[in-house]
Amino acid sequence: MSLLKKINDLSDSGRSRRAWFGLVCMVFLVLIIIPSIFVVFKMFSDWSSVNDVIADGAMMDTIKGALANSFSIAFIVTIVDILVGIPMAWMLVRKQFRGKRYLDTLMDMPLAFPTAVLGISVVMFWGAPEGIDIPGLGLNISPYLMLVLLHFIFTYPYMVRSLSAILEQIEPNYETAAMTLSASRFTAVRTITLPLFRAGLVTGFILCFARSLSETGGTYIALKMMGVQSSFFTGPTFINDAKSLFGADAAMGPMILISVLMILLALALLIVARFMMVRLKIPVSRVWPQIGRKLSRGTVPKVKDVLSIAFLVLIVLIPSFYIFAFLTQPMADVDYGALLHSIGVSFLVAGAAVVFDIVFGIPMALYIARNRRTFLGKVLDEAVNVPLIIPTTALGFSLALFWGMFYGGGSAAVFTAMVILGHISFTYPLVVRNIIGAVEEVDASYEEVAMTLGAKPFQAFSKVLVPIIKSSIIAGAILSFTRSLGETGATTSISGSVKTVPVYIMDLVNRNSYAEAAMCSIILIVICFVLIFAVRMMMNRGERSA
Amino acid sequence: MKIHLDNVSMKFGDFYAAKDVNISIPKGEYLTILGPSGCGKTTLIKMISGILRPTEGRILVDGEDVTDIPLEDRDTGYVFQNIALFPNMTVADNVGYSPRVRDMAKDETEATSEDYLKLVKMLDRAGTLPHELSGGEQQKVAIARALASGSKLLMLDEPLSALDARVRVELRYDIRRLVKKLGVTVLHVTHDQEEAMSVSDRIILMRAGRIVEIGTPLDIYRNPGSIFAAYFIGETNLLECTVSGKTKTGKTVVRLRGGQMVRAAKSCLSEGDAAVISVRPENVYVARDGLKAEVTEVVFMGTYWRVRTVAETNDYLEYNISSSDETPKIGEKVHLVFNKKATMVFPRPEKGLEEAIELE
Amino acid sequence: MPEITLDGLVKAYGGTRAADGLSLTVRNGEYLCILGPTGSGKTTCLRMICGLAVPDEGKVLFDGRDVTREPVSRRKAAMLSQVYSLFPSKTVYENVMFSPQTQEWPEDDAKQIVKSMIKMVHMEGKAHSYPRELSGGQQQRTALARALASDSDVLLLDEPLRALDARLRLELRKELRSMVKEMGLTSIHVTHDQDEALEMADRIAVIRKGRIVQVGTPMDVFKNPLTPFVANFVGRSNIFVGKMGRSFESHSEVMISSKECQFTVRARRTDIQEGSDVVVAVKIGSTKLEKVQPDAVEEKEGYVSGRVERVLYEGATITVEIETPAGLVSAKLPNRKFEDHVADDVVSIWWLPEAASVFRVPPEGLEDELRLD
């Protein structure tokens, strides 16, 4: 109680508020930003090993191929996501229909699936992998196309979410106004809403692109199940597998090089995307009233709606849930001890990361949301995106190099701590972004009025703002918890010895124990759903009683 | 453009936002739909413009049933409360939007845009973006945009609510002058009775989804059909009383709560009926003799003083005196008489006076 | 209750100066309205008084004590915001209880004060409702109770009636003022609505471009404006531009010239030199009309005559718009005159000399001076 009072009193002084904020910035810089891009500095200090790689033609071809695969897959996936995501976001925001709530929930389900699980499920559904008795569609799909299909699943929800967030902020009256001025709905949307949409498109683009670029576990598993894991690479699977392919020492050079390349390309992309946002012009000067009218009425809009739901069901939902087909098989033997241990590790890592994110993320989000116009506000706003866009495998590798400087050998505890730090890096932006969004919705006058009524700044924050944005904080926490739970690449590239669930599942797949891997996956998914459901229930009950 | 609404209703779930509305609007009329928040006034013009489809009834424009014609083919100009200028287009492009989406030639579009901007005296700001304009200027552009569609029917959905009071006053006179010059039929929605009075040919007063009264400003102000209308349109003193008889000329005589007798206008109530009289402050005068009242407050209102008193009947009574006249002191006793022709008599509402004049 | 002094406040946001040498004294226990158009800096002024904004220059004094840098929570200046900002997750009771609780008053005292405040604003029946269940007027009253329960010495009202319906606003003006006056707080009420300011204020401070242009009682500001802006902002005025003519003991003369004609009007006495360019402002409510019979040989009484364009019945008053050679002139008359005027009549326009104020033509030009937003 007295501690709280002390905090309240301290918060009244501008100096202590600035000191606390300075600490938050330092933590962000030292624990998150610097380790994430440390590998870039490492490359220059360790130039010789990189130089060797550059001289090695065959190795360079492999690296180039892996990068080309990663970036082109991410690009294709993102573009298709935009095309099918816009109508879906539209439906969720602007239309009222029965079952909308269920559609809304279904949308988020793939986010609760660890990608490693999705890898198994997708290959089972589309192809006919060896060693699995459950019949899939049995299509003979190239590894490239299979990865595209896989990456849709976990990028699509991000796209729809960020598009609908922006759409919700666009005044619906603009469209109505355009229609009272005789524009058909299609023309109204094309000339008025879409140009206002740019910001949302870019955010969605960055999120999906980065997510696809980062993905390791599911991708590796899919390739392994198709038997091409040592001939077909993406950037992250290359880093993941390099040590076992070339040996620890020989792998160092290629790993540094490919990490740096991925980080730099990704950052360049971030900058280009920002630039595009300002420049991108959607052509609006020509209008075709007749065509616009045809596209706005009758069958065309219906077909569009049916197609976007079909995409969700056929490409996203059914392939994700296909793993449950294993339940029709006789129960596989599961090593419960090992599974429970890995679940424990996963929960420890994810839990610790979430707690850190909330403690240090809220002040950061508050500052950015309330100081959008200042220079520091703008810089931080961009800086928070950096760990988001960097492929997690490269990030993990970079982080391991950074902390490895201080803890050479390292005990299991040290490795676990490093994994936690790694997971903080890529979940932190998710929490901060979510809370920024929530805080910006809340009128600053709530806190201001509270202070004029005699509340200290910390009281205004804890008693007034927090209750209002509570649900967004929890949503952000769930998002980053599930994201952490599903992450493979960052974990394996930091340490092979920290067995989180996805890593454990990957090991099982490597041992060709598909049935056991599937059972572990199902158990994990069920735990995840129960957890999310419980948190949501608690929130609802809290709101009702409040 | 002549408009006719035939038993139009709009139901949201179990709730009627508008119920059994019948109106005819002649060509070129400036009609205001007035009422407190949530009375269904916006729903009404949204149905007429086609933004909402009524759940019951028909809407006829020039005798033709347009109930099922989609919004973009209705040809009605609509001005929104929050203005809703397209933020990504200049003022000129906003005004030229309607000609453009109808595929008019470029120079024709530009000429139309220019014409209408000139009409609202905003031509010198043609190249600016909406957010660079003040609220009043934005709303002028929005009106030009609505008119540039060539529509002969203009819907104004609380067009002035978002603006400063002083700008509001200036703009309402401008709007009326403009639309009368163009001969456009206007439906103007507002909750501001002062605004409604000063722009309208006729006013429709709505409450809880239904039309309470239709009439010219003069009619409604002088001869309101209900206590609510008397109270909502202009300020008035309401006093509970009982009818005690009629004079030879047919005027009603009522007994106030304290037993004082007051003469009022004609009414169809008979002796013994519970009643309420309504008398506006400008029809209450100070006299040698009359209802005794004690002055509680004297407020300067610009062109006049408003005197607030408590009468011996325990009713609050307010009256006006000219700003050049001498003001009474607080606590002073005055005698008040009413202009009997302007003292309306209404049957006393069953659920009480409070409920009859509730504003929200 | 403190006397508040603002001394030369300057505050810039980016390139714009929201306060530009703002000085003002608010007397102990007074109800002061700061009246000005959107963007004139009224809200910034309020924020500097309660500490939500710190001025770049100048001082804020409470009873002579410099509080310019004192934290918000210690100033005892409660704000009533225009969106009310009732805490959405708290009931009416809990909202009003907010301040006593955060300041850790003894529980019994707190409860008693909160109850009496809720009673004063007639919200007893809704004490356990959430803000979203209340109508606009009820929210406004709850916000007032919450501010009054905070034991503040100063009440800051930021356009407290803006979000309400026009008719309700009229009712709440009386109610709000009397409740605040009852508590005896020093109150500063910011508004853009001159009718509201006239009706509610003890004194009005007209603000424009970050400066106070005029301070005075409602009657003073209405009748003796210091600038053409004040003349036209606090009550509509007819404005004429002309050259100063002769001055007499009781009045002065101004020559108005337009393209088509030239005429002389009377105005109140001034010291402005003969021949200077001046502006004459007459409140439309003081503008008088005399009907000119069609067969009359010559107009006599008025300064200028014109054709009635339209007559608007506005309730207690009517507005007559007249087309004259000097532009559109409006007159606001009592409603009993409605039958006297019809469109296309010719009327002659005049006013009492003391009803017309004379100003030098402002340096930035008249158009800029008269801009309302």
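Let's start in the middle: of the 365 residues in the largest nonpolar core, B:Ile277, C:Leu156 and C:Val280 touch the most other members. A nonpolar core here is a set of buried Ala, Val, Leu, Ile, Met, Phe, Trp, Tyr and Cys residues joined through C-beta atoms within 7 Å. A residue counts as buried if 20 or more other C-beta atoms, placed from the backbone, lie within 10 Å of its own, as exposed if 12 or fewer do, and as partly exposed in between. Helix α16 (residues 336-370) of chain A gives this core its largest share, 15 residues. Helices (H or I, at least four residues) and strands (E, at least two) are DSSP runs, numbered from the N terminus.

Before going on, please note that this is a predicted model, in which local features need pLDDT of at least 70 and side-chain atom pairs count only at pLDDT 80 or more, while totals for chains, interfaces and linings use all residues. Residues are numbered from 1 along each chain as its sequence is written, and chains are lettered from A and ligands numbered from 1 in the order in which they are written.

Now back to C:Val280. Leaving aside neighbours within four places in sequence, C:Val280 is in contact (C-beta atoms, placed from the backbone, within 7 Å) with residues including C:Phe240, C:Val254 and C:Val358.

Chain C itself is divided into domain 1 (4-228) and domain 2 (234-370), with bounds that come from an automatic or database domain assignment. Seven residues from domain 1 of chain C and eleven residues from domain 2 of chain C make up the contact between them. On the domain 1 side there are five nonpolar, two polar and no charged residues. Here Ala, Val, Leu, Ile, Met, Phe, Trp, Tyr, Cys and Pro count as nonpolar, Asp, Glu, Lys and Arg as charged, and the others, Gly among them, as polar.

Chain C also meets chain B: 34 residues of chain C are in contact with 33 residues of chain B. Among the elements of chain C that give two or more residues to this side are α4 (136-148), α5 (166-183) and β16 (304-313). By class, the chain C side has 14 nonpolar, eleven polar and nine charged residues.

Finally, look at chain B, with its ten helices and 20 strands. Of its 360 residues, 49% count as buried. Strands β12 (residues 251-256) and β13 (residues 261-266) of chain B run antiparallel, joined by five bridges; two strands pair if DSSP finds at least two bridges between them. In this pairing B:Arg255 stands opposite B:Met261. The hairpin has four residues between the strands, and B:Gly259 takes a positive phi near 95 degrees.

How values were computed. Two residues are in contact if their C-beta atoms, placed from the backbone, lie within 7 Å.
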